[in-house]
Amino acid sequence: MQVPLLDLKALHDPLRGELMEAISEVIDSNAFAGGPFVARFEQDFAAFCKSPHAIGVGNGTDALWLSLLALGIGAGDEVITSPMTFIATAEAISFCGAKPVFVDIDEKTYTLDPNLLERAITPRTKAIIPVHLFGQMADMDPILEIATRHGLPVIEDACQAHGAEYKGRKAGSLGIAGCFSFYPGKNLGALGEAGAVVTGSVELKNKIQMLRDHGQSRKYHHVLLGWNGRMDGIQGAVLRVKLKHLARANEARRAHARHYDQQLAGLDALITPVEAGYGRHVYHVYTVRVPGRDEMLREMASRGIACGIHYPIPLHLQEAYHFLGHQPGSFPVAERCAAEFLSLPMYPELSAEQVAKVEQELKALLHSSQRRHERAT
């Protein structure tokens, strides 16, 4: 039995009729760039996030970048975020001309540690971007309290957290803006690239709408220097179909995660994910921590199980950010986790047999490793 890390075919096959019908509607109407299909998805996604407004954009990186630009972030500014995230979070800051300032993560949730946040704030700090990593939201109340005290906007990087909750509130709805990626492998994924920003601010909504469309207030009237960051009509129509199935899919992910939790509990040297008491995890990925991670990755692959690593190098140690001057040891929790993270197969359509195979093989490998260690000592 083969167990892939992700199986998009299993996701799309049952939806093929609905998706093809939606795509045909776009083709028949010729509404390919922005237009009514994007507008309908924006309305539905705003309602899903319990936020007044949603703005469809080209991808998750655009969502972050245009939100920062709309808030006036620019050269000489600093934006605080986590070193444990995909590089797009920091890229968006850099492409505004600002400097990413990293704060280490909490060892249980893997999200920005609020206890370390305030000491990173300087007179140049202009925003905070907590990252809702792997499907779990950051601890938002203390982050928002600190941000409010310092007069700083909070932009949620919710690119991995579609439908996650914090004390009953949906991801994206707590900060001035919430940014989402609809990359195909996400909990809510397009058939290509797409993203969105949700916000309660009419001013921010209007600015992002102009920035995504070359700064136009209306056709050929350019109020701002903008960009081509529109969502296309086919992706809007596809996402509207898939959004109807997201709650069910997230529940399936949570059921798989509970099974993993139960069957992998109590194993020496293995740390399973923790769902924080304040929230609802939607398990974009199910990431354990294990010593000898690279060997475990290879051994699982040899047994027909595709695992992944999210993320092997924290941002402060990436070559692209060498100029910031960070060294190994600068953010020890992120570095320790990066060396141990192993993502197990996780998608709604996983069968009970596939989940059981992952559990059995991982336990067998861990027991074998433990016996080798005991013999060596």
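A crossing of two helices is left-handed if the near helix is turned anticlockwise from the far one by less than a right angle, and right-handed if clockwise. With that in hand, let's work through some exercises.

The model is predicted, so local features need pLDDT of at least 70 and side-chain atom pairs count only at pLDDT 80 or more, while totals for chains, interfaces and linings use all residues. Residues are numbered from 1 along each chain as its sequence is written, and side-chain values use heavy atoms, with hydrogens and water left out.

**Exercise 1. The crossing of α3 and α8**

Task: describe how α3 and α8 pack, and find the hand of their crossing.

Solution. Start with the elements: helices (H or I, at least four residues) and strands (E, at least two) are DSSP runs, numbered from the N terminus. Now list the contact (heavy atoms within 4.5 Å): α3 brings F37, V38, R40, F41, D44, F45 and F48, and α8 brings G233, G236, A237, L239, R240 and L243. Sorted by type, these residues are 8 nonpolar, 2 polar and 3 charged. Here Ala, Val, Leu, Ile, Met, Phe, Trp, Tyr, Cys and Pro count as nonpolar, Asp, Glu, Lys and Arg as charged, and the others, Gly among them, as polar.

**Exercise 2. An open sheet**

Task: trace the sheet that contains β1 and describe the setting of β1.

Solution. Two strands pair if DSSP finds at least two bridges between them. By this rule, 4 strands form an open sheet in the order β1-β9-β8-β5, with mixed pairing. Its edge strands are β1 (53-57) and β5 (155-157). β1 and β9 run antiparallel, joined by 5 bridges, and H53 has T199 of β9 as its bridge partner. At the other end, β5 pairs with β8 (177-181) in the parallel sense over 3 bridges, and D157 stands opposite C179. Helix α7 (202-211) packs on the sheet, touching β1, β8 and β9 (195-199). As for β1, 5 of its 5 residues are buried: H53, I55 and V57 point one way, and A54 and G56 the other.

**Exercise 3. Backbone exceptions**

Task: find where F134, Y283 and Y311 lie and what marks their backbone.

Solution. Recall the background: most residues other than glycine have a negative phi, and most peptide bonds are trans. F134, in the loop between β4 (125-129) and α6 (140-149), has a phi near 65°. Y283, in the loop between β12 (279-280) and β13 (286-289), has a phi near 50°. F134 is buried, with a relative accessible area of 4%, and Y283 is buried, also at 4%. Y311 sits in the loop between α10 (293-302) and α11 (332-340), and the peptide bond from H310 to Y311 is cis, with omega near 0°.

Technical notes
Axes fitted to C-alpha atoms, helices over the stretch in contact; angles between N-to-C directions. Buried < 20%, exposed > 50% of the residue type's maximum accessible area, 1.4 Å probe, protein only.
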